[in-house]
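Here is a friendly briefing for anyone meeting this structure for the first time. Take a look at the model, then follow the points below.

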Amino acid sequence: MSRLSAGIANEAATLGERVVTLPTGTQTLDPATHANRLLLISTADAPYTINLPKTKGSGDVYKFLSTIARTSGSVVINATHDGTSNVFVGRVLNHGSANVLIGFSSTANDIFTLNNTTQGGAAAGDYLEIVDAAVGTWRVTQCQLYSSGSHASPFSG
């Protein structure tokens with residue numbers, strides 16, 4: 001189907017509908033509002049705690065882009081929903097200040113953290129793309145991070 005087709009579930013027609021700036025603080029993403037859109041993290045000095053919706057195997061894509069170098073307050077993306085662990089499966093690439101590229105993978109973690117130093121978040125342009133791949137599984141399809149200092153995995157939990 002083309003972009004001009006009508007009736008595709010959750011299809012955004014305008015730029016304002018395709019790009020969502022996330023507020024700081026704690027929030028739970030809603031598929032109707034956040035899935036299949038570019039989600040901007042655009043505040044340098046405030047924490048974000050982003051709770052993902054329950055996985056269903058819907059194929060919904062969540063794309064996170066940091067538009068600013070972060071200075072304080074981590075970005076935490078939490079895959080736990082209603083006390084049930086929904087795990088991240090996939091790999092991330094973390095580019096460090098010494099031009100070193102390190103990969104980290106996950107098959108059982110349910111927390112993803114950008115701490116603005118060793119785990120990423122140190123530069124504008126950090127990007128994470130995840131897909132609701134199956135019940136209990138978030139598939140990491142793309143991730144590019146920039147870190148400072150020693151590299152550390154953004155996966156935990």
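**Strands and their partners**

Asn94 has Leu145 in E11 as its bridge partner. Strands here are DSSP runs of at least two residues (E) and helices are runs of at least four (H or I), both numbered from the N terminus. This is a predicted model, in which local features need pLDDT of at least 70 and side-chain atom pairs count only at pLDDT 80 or more, while totals for chains, interfaces and linings use all residues. Residues are numbered from 1 along each chain as its sequence is written, and side-chain values use heavy atoms, with hydrogens and water left out.

**The overall picture**

- The protein has two helices and 12 strands, and from the N terminus on they run α-β-β-α-β-β-β-β-β-β-β-β-β-β.
- Of its 157 residues, 41% count as buried, where buried means under 20% relative accessible area, exposed over 50%, and partly exposed in between (1.4 Å probe, protein chains only).
- Among contacts with a separation of 6 or more, 67% join residues 24 or more positions apart; a contact means heavy atoms within 4.5 Å.

**How the strands pair**

- Strands E7 and E11 pair in the parallel sense over eight bridges; two strands count as paired if DSSP finds at least two bridges between them.
- Seven bridges join E7 to strand E8 (residues 101–109), and these two run antiparallel.
- An open sheet of five strands, with mixed pairing, has the order E2-E4-E6-E9-E12.
- Its edge strands are E2 (25–28) and E12 (155–156), each pairing on one side only.
- E9 and E12 run antiparallel and are joined by two bridges; Ile111 has Ser156 in E12 as its bridge partner.

**The nonpolar core**

- The largest nonpolar core has 26 residues, and those with the most contacts inside it are Leu22, Leu52, Phe64, Ile77, Phe88, Phe112 and Ile130.
- Elements giving two or more residues to this core include strand E3 (37–41), strand E5 (61–66) and strand E10 (127–134), while E11 gives the most, with four residues.
- Such a core is a set of buried Ala, Val, Leu, Ile, Met, Phe, Trp, Tyr and Cys residues joined through side-chain atoms within 4.5 Å.
- Leaving aside neighbours within four places in sequence, Ile130 is in contact with residues including Leu52, Phe64, Phe88 and Trp138.

**A closer look at Phe112**

- Phe112 lies in strand E9 (residues 111–114) and counts as buried because its relative accessibility is 1%.
- Not counting residues up to four places away in sequence, Phe112 touches several others, among them Ile77, Phe88, Leu145 and Phe155.
- Phe112 and Ser156 are 44 residues apart in sequence, and 6.4 Å apart in space, C-alpha to C-alpha.

**Aromatic pairs**

- The structure holds four aromatic pairs.
- In one of them, the rings of Phe112 and Phe155 have centres 5.5 Å apart and planes at 75 degrees, so the pair is edge-to-face.
- Because Phe112 lies in strand E9 and Phe155 in strand E12, this pair ties together parts that are 43 residues apart in sequence.
- Rings of Phe, Tyr and Trp (its six-membered ring) pair if their centres lie within 6.5 Å, with planes under 30 degrees apart counted as stacked, over 60 as edge-to-face and the rest as tilted.
- Both Phe112 and Phe155 are buried, and together with Phe88 they form one aromatic cluster.
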